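User: Hi! I am new to this structure and would like to learn how to read its features one at a time. Could you guide me?

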Amino acid sequence: MARRIGAFKAGGAQLIIWERDSDITFQFGKHYQDKQTQEWKESKTIYARELQAIGEMFLRAADWARKKVKTEPLPQNVERVKTTLETITKKMEDKNG
């Protein structure tokens, strides 16, 4: 049986951490509240303005998992992903600023 042991959050997105037997798993979800019905709904859309925060959430979760589960090191391209997220954010700020 699975047991929830924590979560990483970024805005309306979250990675829920589950412990199943001797394994750790993550479940991604993004939710919003419908303005008309006030109901909570699940979204499959990630807006460009959310991308950096969600990307950083995944990087924090990967770092936590590496320490907790003794996984193999993250691929070297993770640094490139982080740099790309920073570049996208800067371009969006320049465009909107």
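This is a predicted model: local features need pLDDT of at least 70, side-chain atom pairs count only at pLDDT 80 or more; totals for chains, interfaces and linings use all residues.

User: Thanks! Now let me step back. How many helices and strands does the protein chain have?

Analyst: There are two helices and four strands in the protein chain. Followed along the sequence, they give the pattern β-β-β-β-α-α.

User: How do the strands go together, and in what order?

Analyst: The general idea comes first: strands of a sheet pair through backbone hydrogen bonds, in either a parallel or an antiparallel way. In this structure, four strands make an open sheet in the order β1-β2-β3-β4, and the pairing is antiparallel. At the edges stand β1 (2–10) and β4, each with a single partner strand, so one side of each has no neighbour in the sheet. From one strand to the next, the twist averages 35°.

User: How many bridges join β2 to β3?

Analyst: Eight bridges join strand β2 (residues 13–20) to β3, and the two run antiparallel. To see one of them, find Ile16: its bridge partner in β3 is Gln27.

User: Which residues does Gln14 touch, leaving aside its neighbours within four places in sequence?

Analyst: Gln14 has its place in strand β2. With those neighbours set aside, Gln14 is in contact with Arg4, Ala7, Phe8, Lys9, Gln27, Phe28, Gly29 and Met57. Gln14 is buried, because its relative accessible area is 17% and buried means under 20%.

User: Where does helix α1 lie?

Analyst: Helix α1 (residues 48–69) lies across β1, β2 and β3. Relative to β1, the helix runs at about 140°.

User: Which residues form a nonpolar patch on the surface?

Analyst: The patch is formed by Phe28, Ile46, Leu51, Phe58 and Ile88, which together have about 370 Å² of accessible area. Take Leu51, which lies in helix α1. Leu51 is partly exposed, with a relative accessible area of 32%.

User: Let us turn to charged side chains. How many salt bridges are there?

Analyst: The general idea is that side chains of opposite charge can pair when their charged atoms come close. Here the count comes to six salt bridges, taking a side-chain nitrogen of Lys or Arg within 4 Å of a carboxyl oxygen of Asp or Glu.

User: What does Lys41 form a salt bridge with?

Analyst: The partner of Lys41 is Asp34, and their closest N and O atoms are 3.2 Å apart. Lys41 is partly exposed at 30% relative accessible area, while Asp34 counts as buried at 15% relative accessibility.

User: And what separates Asp63 and Lys67 along helix α1?

Analyst: About one helical turn separates them, because Asp63 and Lys67 are four residues apart in helix α1. Their side chains meet in a salt bridge, at 3.1 Å from N to O. Asp63 is partly exposed, with a relative accessible area of 25%, and Lys67 is exposed, with 58%.

User: Which residue forms a salt bridge with Lys90?

Analyst: That is Asp94, with the closest N and O atoms 3.4 Å apart. Lys90 and Asp94 are four residues apart in helix α2 (residues 77–96), so about one helical turn lies between them. Lys90 counts as partly exposed, at 49% relative accessibility. Elsewhere, salt bridges that share partners join Asp63, Arg66 and Lys67 into one network.

User: To finish with the whole chain, what share of its residues is buried?

Analyst: Of the 97 residues in the protein chain, 21% are buried. The accessible surface of the chain comes to about 7700 Å², and 50% of that belongs to carbon and sulfur atoms. As for contacts between residues at least 6 apart in sequence, 31% join residues at least 24 apart.

Definitions and conventions: Residues are numbered from 1 along each chain as its sequence is written. Side-chain values use heavy atoms; hydrogens and water are left out. Two strands pair if DSSP finds at least two bridges between them. Axes are lines fitted to C-alpha atoms, for helices over the stretch in contact, and angles run from 0 to 180 degrees between N-to-C directions. Contact means heavy atoms within 4.5 Å. Patches are made of residues with over 30% relative accessible area and no salt bridge: like charges are joined within 9 Å, nonpolar side chains (Val, Leu, Ile, Met, Phe, Trp, Tyr) within 5 Å. Accessible areas come from the Shrake-Rupley method with a 1.4 Å probe; for residues, only the protein chains shown count as cover. Buried means under 20% relative accessible area, exposed over 50%, partly exposed in between (1.4 Å probe, protein chains only).
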